[in-house]
Number of protein chains: 2
Amino acid sequence: MNIIIIGTGNIGAAAQKAILAAPDMNLVGVYHHNEIDKISCAASSVDVALLCLPTREAPMYADKLLRMGINTVDSFDIHTQIADVRSNLMEIAKSHHGVSIISAGWDPGSDSMIRALLSVLAPQGQTYTNFGPGRSMGHTVAAKAIEGVKDALSITLPLGHGKHGRHVYIELQDGYLFEDVKKRLLADDYFAHDETEVELVDNVNTYQTTAHGVLLERDGMAAQLDGQHLQFEMRIDNPSLTAQFMVGCARAAYRLKQEQRYGCYTTIELAPVWMLPGDDNYNIQQYV
Amino acid sequence: MNIIIIGTGNIGAAAQKAILAAPDMNLVGVYHHNEIDKISCAASSVDVALLCLPTREAPMYADKLLRMGINTVDSFDIHTQIADVRSNLMEIAKSHHGVSIISAGWDPGSDSMIRALLSVLAPQGQTYTNFGPGRSMGHTVAAKAIEGVKDALSITLPLGHGKHGRHVYIELQDGYLFEDVKKRLLADDYFAHDETEVELVDNVNTYQTTAHGVLLERDGMAAQLDGQHLQFEMRIDNPSLTAQFMVGCARAAYRLKQEQRYGCYTTIELAPVWMLPGDDNYNIQQYV
């Protein structure tokens, strides 16, 4: 299986390590996002491209690569747009006899598979997704955009039952007062609805982390009997888990392509065994 | 989707409740295991049969029903024989244009899917499956089948890191000696490999419970980075969860049949969305 990586950020770097450790994959190229012509020239020898790009750019690249005959895996994470992205890429994948797997990080991604499975097991009930503690990119970017903020870092704190708090570390620009900046930040739409603590620090980098976590909890009924409790929990490195799961999904993309089941898939449409190295019989003996 | 249940024990009873609560299923028959002629007469109007039978009998019934043109779901739970059972039923399912999903309880079953997924997320590491405390239906049935046992109950005890003990309560049949019966029980393949305590009691029912639990833990590496911790935990009612998951797998069997993807499948070969009611687009919006 010949794999290329597009993107050279945290996830791209972790994806290189994941592919090098995979027994069934060759890393045949690492490309910057603007090297699309180079990729086009190499297309005939590539099975799957991992799109390790800013989330908003991923669908456009998936479109381009499918047209080149390259199957794709991305970690597109804007939940409300996933169904539309899938629908658009479905047509292109089918008409170019390719496979695109989208939203294949940990949330959306592996957590999506778990959420679906929790509802299979207990069809009536509530599922809560509790993120953190860990860095939120969206909130960090929003905090950095506040007037008077020199640098910022926003950590997501799980408050239980799907509610989240924010701990925001900020450095001040010269000439600004902390209380004024804090007030502006708390009034921002990103922070106004959550319990938010703002802390003035000398150096935001002291608090940087790629560690993250999630707790998925479901309480509900199975066969009409209440009181079933199910939960899934991870304490992980964010870029490493994202990249490793994308690598698993690359196997699924390759297999679906081989079986001529062209199209665009989300992770809940994939069987776990498609993501593992080794033949099915071996994996059935290992995991079932 | 027209479903029948074969078997009138705990799982069969729970399966009735699960099907009655399912928005997309009709329960069109409940049969005792010896009513195979009746089932044969009704076969043309049946989509999927849930085999709620003692585990050793399930493969034979799956074979019979596939030959009648009925797709099957069972919860066959002898881990070491699953690959062989799959291989035997594969031929029959394919030649009769049917689908058989085997080992579709919670372990093997939903836990199998989780174990596979944990290894996708952290390919190097250790997974521990810790069961209990709770009654093992398979071990209880096995204990009851021992000559000289009037009634029995086998409780699984988690000893940590995937090690388990068994606490077996038995009542004796008249004319049998406890030591003889205990020796036979300890020699049975279900008990020979675990630390097993056998206790003679006046009334097994005093100790009955259908509550159970499991903790799946994996510590390992993702993208060559160590220290990733992942776990799945359930506190559930055993027959209810087993039956509910079988109902989910009946949807998968029905779908695979519609798509003419005939054969015998274990749960790690199934995508979660195939097990949910509602169309894929709706489920993608709900769960991804």
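Some housekeeping before you click: residues are numbered from 1 along each chain as its sequence is written, and chains are lettered from A in the order in which they are written. Because this is a predicted model, local features need pLDDT of at least 70 and side-chain atom pairs count only at pLDDT 80 or more, while totals for chains, interfaces and linings use all residues; side-chain values use heavy atoms, with hydrogens and water left out.

**Stop 1: where the chains meet**

Select both chains and look at the interface. Here 62 residues of chain A are in contact with 63 residues of chain B (contact means heavy atoms within 4.5 Å). The buried area is about 5200 Å², with 68% of that from carbon and sulfur atoms; buried area is the accessible area (1.4 Å probe) that two parts lose on being put together, summed over both.

Now colour the side of chain A that touches chain B by element. Strand 12 of chain A gives the largest share, twelve residues. (Strands are DSSP runs of E, at least two residues; helices are runs of H or I, at least four; both are numbered from the N terminus.)

**Stop 2: strand 12 against strand 12**

Zoom in on residues 225-237 in each chain. The two strands 12 pair in the antiparallel sense over seven bridges (strands pair if DSSP finds at least two bridges between them). Pick His229(A) and you'll find Arg235(B) as its bridge partner. Then try Gln231(A), which stands opposite Glu233(B).

Val214(B), for instance, has Met234(B) as its bridge partner.

**Stop 3: a loop in chain A**

Hop to the loop between strand 5 and helix 5 of chain A. Pro108(A) sits there, and the peptide bond from Asp107(A) to Pro108(A) is cis, with omega near 0°. Ser103(A) is in this loop too. Ser103(A) isn't a glycine, yet has a positive phi of about 60°. Is Ser103(A) buried or exposed? Buried, at a relative accessible area of 0% (buried is under 20%, exposed over 50%, partly exposed in between, with a 1.4 Å probe and protein chains only).

**Last stop: Gln260(A)**

Finish in the loop between helix 8 and strand 13 of chain A, where you'll find Gln260(A). Its phi is also positive, near 55°, but Gln260(A) counts as exposed, at 57% relative accessibility.
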